[in-house]
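Subject: Structure handover

Hello,

Here is the structure we talked about. Please open it alongside this note and follow the residues as you read.

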Amino acid sequence: MDETGVRALLAHVASDGRPPHVDIAAARDLGRRRLRWRRAGLSAAPLALSAAVVLVLTGTIPFSLAVRPGRPSGTGQKETAYVVLAGPPATVVPISLSDRHVGQPIVIGGTAIPIVLTPDGRTAYIGTTVGYTSRAMVVPVSLATGTHGTPITPGGDSDAMAITPNGKTLFVGGAGNTVVPISTATGAQGAPIKVAGVPRAIAITPDGLTAYVLSGGPQHVHSAAGPVTLQTGPGTVTPITIATDSPGQPIRVGDNPVSIRIAPDGKTAYVVNTGSATVTPITTATNTPEQPIKFNSQGELLDAAVTPDSKTLYVINAGTVVPVATATESPGKPIFIGNRGGGGWAIGIAVAPDGKTVYVTAVDPNRVVPIATATDKPGRPIRVSGGTGIQQIAVASVPAPEVPSMSQQTPPQPTSSPQPPARIQKLFDCRSHRMARPAPGYPRSQLRAALRRCAALGSFRAAARRSARGNHGG
């Protein structure tokens, strides 16, 4: 390559706006070759420009920018509540809890009450009945897209559903006094499991070993005129060993049970008995019912939820939510969430995964009321539209969209009109033979001038001469 070609190459590198890559080993090798050329009587005139070529690599010139790996900015969690509106048609309404934004309803069809979420918060299973028939369906819904999966027909008219902690099996009330295990991966149904009565609710221990099936509560009978609720007597809870699908001895609880919840520590199951206005604690280690927790009304207890630390049980009682300290099992002061003029009963309840907020669904009008667990004070309600008859609520916490850290991001590719870099971390100073750090916004014109000086002054000849003397002792 002649002098004109070398200068053109240097000008191209300078205009590209990227720092040169310095190859010290190549410079030393050039010094040794120059020594041999001098001994052979060759001219050293072109060596200045030839040495300058060591500065560049043909093609892409990589950055040597060292960025300290930082914490990715997307490591937080995004909490979303999913509220069932019974219909018809039944809908599921997503609510972003961070900004209280009510999203577009997901239409399910028919009438619906129960909802359960997979542990990863990506799929919901909604129990729905079409046309007031005795045949119910469970509809899987992708919460990211709102699309329906293939409906599952377990054969019964039941509101009972629960999913195992590993997300692999869904337990649903089946025909008669049975519960049906269903594979969430394939939708295949297992053999029905016999229990003590018509399933009303199901809860599964956090270790995934035991399912507790509540029976004997209010029985929903459907007719052409609509659903009718028949009151029954004392209820039972049937424990099922999940590994073998084997039912155990039924546990006697209060009158007309409607809900069962298990504390996150797995030690206690709580059964809400609307007929006797009590909550029955069950010690899961022995499946023994303890002394019922009594409330001051009858026929108005509907549901309950336990905080993640298992220290507080929140029980719906008509238009109030009653906190119960699980250590003493004594009800606290009721939290009023109903309308000031009366009515506005609470229906469903769920606790946020971080335990800081309890979310309660209430009617007249349809709304979600947040309650701060630190103070037990209700916040401003979130109005819910898009359907009728608000029912259960479930809260999912999924990872927020991740933004890669600087060390993970792909370096930007040059455009048709490259701009000079904001900072050149390392630049070889041909005069002092040192690595220098120019100030931010190092001008492209100065970079071009520096490269020209290296070529014109032949500073690399001196560098090569020093390297050659060091290697050859001369």
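A salt bridge here is a side-chain nitrogen of Lys or Arg within 4 Å of a carboxyl oxygen of Asp or Glu. By that rule the count is one salt bridge.

Before the details, the ground rules. This is a predicted model, so local features need pLDDT of at least 70 and side-chain atom pairs count only at pLDDT 80 or more, while totals for chains, interfaces and linings use all residues. Residues are numbered from 1 along each chain as its sequence is written, and side-chain values use heavy atoms, with hydrogens and water left out.

The salt bridge

Arg261 pairs with Asp303, and their closest N and O atoms are 3.0 Å apart. The pair links distant parts of the chain: Arg261 sits in strand 19 (residues 257-262) and Asp303 in strand 24 (residues 301-306), 42 residues apart. Strands (E, at least two residues) are DSSP runs, numbered from the N terminus, as are helices (H or I, at least four).

Are the two partners buried or exposed? Buried means under 20% relative accessible area, exposed means over 50%, and partly exposed is in between (1.4 Å probe, protein chains only). Arg261 has 28% relative accessibility, so it counts as partly exposed. Asp303 has 5%, so it counts as buried.

Five of the six residues of strand 24 are buried, so the strand is largely enclosed by the rest of the structure. Strand 24 runs antiparallel to strand 25 (residues 312-317), and four bridges join them. Two strands pair if DSSP finds at least two bridges between them. Val306 has Leu313 of strand 25 as its bridge partner. The two strands form a hairpin with five residues between them. In that turn, Ser310 has a positive phi of about 65°.

Thr307 is in the loop between strand 24 and strand 25. At 5% relative accessibility, Thr307 counts as buried. Its side chain makes a polar contact with the side chain of Asp309, at 2.6 Å. A polar contact is a pair of N or O atoms within 3.5 Å; within protein, one must be able to donate a hydrogen and the other to accept it, and residues adjacent in sequence count only if both atoms are side-chain atoms. Leaving out residues up to four places away in sequence, Thr307 touches Pro264, Thr312, Tyr314, Val351 and Thr373. Contact means heavy atoms within 4.5 Å.

How many of the six residues of strand 30 (residues 357-362) are buried? Six of the six are, so strand 30 is largely enclosed by the rest of the structure. Both faces are covered: Thr357, Tyr359 and Thr361 lie on one side, with Val358, Val360 and Ala362 on the other.

Strand 30 pairs antiparallel with strand 29 (residues 346-351) over four bridges. Ile349 has Val360 as its bridge partner in strand 30. Five residues separate the strands in this hairpin, and Gly355 takes a positive phi near 75°.

Strand 30 also pairs antiparallel with strand 31 (residues 367-372), over six bridges. Thr361 stands opposite Val368 in strand 31. This hairpin has four residues between the strands, and Asp364 in the turn has a positive phi of about 55°.

One loop elsewhere

Thr118 lies in the loop between strand 5 (111-117) and strand 6 (123-129). Thr118 is buried, with a relative accessible area of 11%. Not counting residues up to four places away in sequence, Thr118 touches Thr123, Tyr125 and Ile163.

Best wishes
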